[in-house]
Amino acid sequence: MWQRLSFRTQLFLPLGLSFLAALVMGGVLLQTFATGQLADENEPGRRSTRTVAAALNNTLRASDDPRKMLDAFVHSLDSSSDIQFHSVEAGPAAPAKGGLRDLHGVPQWFVDLIVIPDMDAASPVIIDGRRVGDIVFVPDLSADLFEKWIGFLALTSLIALLMVLTGTIAYLFAGSVLRPLQDLGAGLTRIRRGDYATPIPVAGPPEIRQSCEEANALAMTLAQLSQDNRDLMHRLVSLQDDERRDLARELHDELGPLLFGIRAGAIALSEASSGNPGNPAQEVMRSVEALQQTNRRILDRLRPLYIEELGLKTSVQTLLQNFRRQAPHVNLTATIDPGLNEIDGPLAQTVYRLIQEALTNVLRHAAANNAHVQATIAGEVLTIEISDDGGGFPEGNVFGRGLTGMHERVRALSGSLSLLRADERTYVRCCLPVGMVRDEPASG
């Protein structure tokens, strides 16, 4: 539970509880020591009461009319005085706990919080050996309670001031620590997503500054490794294209003339024996034609040489026409950006082969009735999308062997390739940066 709380909560909660505990402790100490302080502060008044009673008794014993003397003494007492006379005829006196004539704004709950001590300072007054009353000490504790209330307010104000001051310092300190940590977390998230160019601001305490510097150094290293990886993949793709080009040239230059010679000989044999039914030469000629068509398809897959001559847009449209002839049962529609003719080199070959591979998968595996090819350029991004309404891809099989090779080619060009299923359609989507590779020369 504690670990789920925010840093500020973990910082302020103990501080707040500490100040609250200090306030409660101050109240407990006030209640504990206030009673003794009140008793000690009024002890001189109690002694004075006993002294006054002793002096009054001596005066009454020496007086010819003690009752008159006592009345005169009682009338001389001020009603606001702490020393009063209580006659026996008025009944038993209640225990003296002090009076509260004017609380001076002290709240009642504070008065109830303090235990007022018993002020038992009654001294008997004797006339002719008979007790006629008591001199009692009834102090006014209003001033003492007001003094305690002012002290309590001072203590509370001091604790509140310290709480606000400490909270402000803690808040500023937490902000100075959390902001760099948040920047560090955001920077690590960018690094995890592949953004190595945006540096992490270096700020905060030395420990956090060092972490930010180390993270920036890590981002630079990852950026260099990523660039080296892309360069390596780009070279591998270029070498693969060179190898395919050489193999296509060998097939075209070596196998092509041989097939043409065999076909010419088969035609000559067929014409020489045209009167014989079931002429074997005709069978040989048909086999040679089939082999020539197979050779052209292999050459087309190895290296579409006419991209450089016709342009990418025309080459893609030719590819789509061939697909329609091979799969007349599939309704194929297309949206091709005219700007594709401005693209050449490895990017043009990658676009062509991606569309070719995706349509091959539609023909072989999708069992689709409708398919759509879209290739558009928006700004510096080339987007390719091939969709169909077929059965989709098997569970857990994101990329087949052909699309895995395309994924490597796309990564070598700093692009992205994804395969998803939505609205009962399968989508192959590819995004390639045009500006980054448009000016690169074709390999070979």
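Cysteines, cores and confidence

Colleague: How far is the sulfur of Cys-430 from the closest cysteine sulfur?

Modeller: That distance is 6.6 Å, to Cys-431, which is too far for a bond. To be called a disulfide, a pair of cysteine sulfur atoms has to be within 2.5 Å. Bear in mind that this is a predicted model: local features need pLDDT of at least 70, side-chain atom pairs count only at pLDDT 80 or more, and totals for chains, interfaces and linings use all residues. Residues are numbered from 1 along each chain as its sequence is written, and side-chain values use heavy atoms, with hydrogens and water left out.

Colleague: OK, how many disulfides does the count come to?

Modeller: Zero, by that rule.

Colleague: And is Cys-430 buried or exposed?

Modeller: Buried, at a relative accessible area of 0%. Cys-212 is buried too, also with 0%. The cut-offs are under 20% relative accessible area for buried, over 50% for exposed, and partly exposed in between (1.4 Å probe, protein chains only).

Colleague: What does Leu-382 touch?

Modeller: Skipping neighbours within four places in sequence, its contacts (heavy atoms within 4.5 Å) include Cys-430, Cys-431, Leu-347 and Val-351.

Colleague: Switching to the largest nonpolar core, which residues touch the most other members?

Modeller: Ile-355 and Leu-382, out of 38 residues. A core here is a set of buried Ala, Val, Leu, Ile, Met, Phe, Trp, Tyr and Cys residues joined through side-chain atoms within 4.5 Å.

Colleague: Which element gives the most to it?

Modeller: α10, with 10 residues. Among the other elements that give two or more are α9 (312-326), β5 (370-378) and β8 (425-433). Helices (H or I, at least four residues) and strands (E, at least two) are DSSP runs, numbered from the N terminus. Another core, of 11 residues, lies apart from this one and includes Leu-70 and Ile-135.

Colleague: New topic: where is Glu-289?

Modeller: In helix α7, residues 280-302. Glu-289 is partly exposed, at 28%, and its C-alpha is 8.4 Å from that of Leu-259, 30 residues apart in sequence.

Colleague: What about Gly-16, which helix is that in?

Modeller: α1, residues 7-41. Gly-16 counts as partly exposed because its relative accessibility is 29%. Its C-alpha sits 9.8 Å from that of Thr-166, 150 residues apart in sequence.

Colleague: Last one: what pLDDT does the chain average?

Modeller: 78, and 82% of the residues score at least 70. pLDDT is the predictor's confidence in each residue, from 0 to 100. Over residues 436-444 the pLDDT is below 50, and this stretch has 21 contacts in the model beyond near neighbours in sequence.
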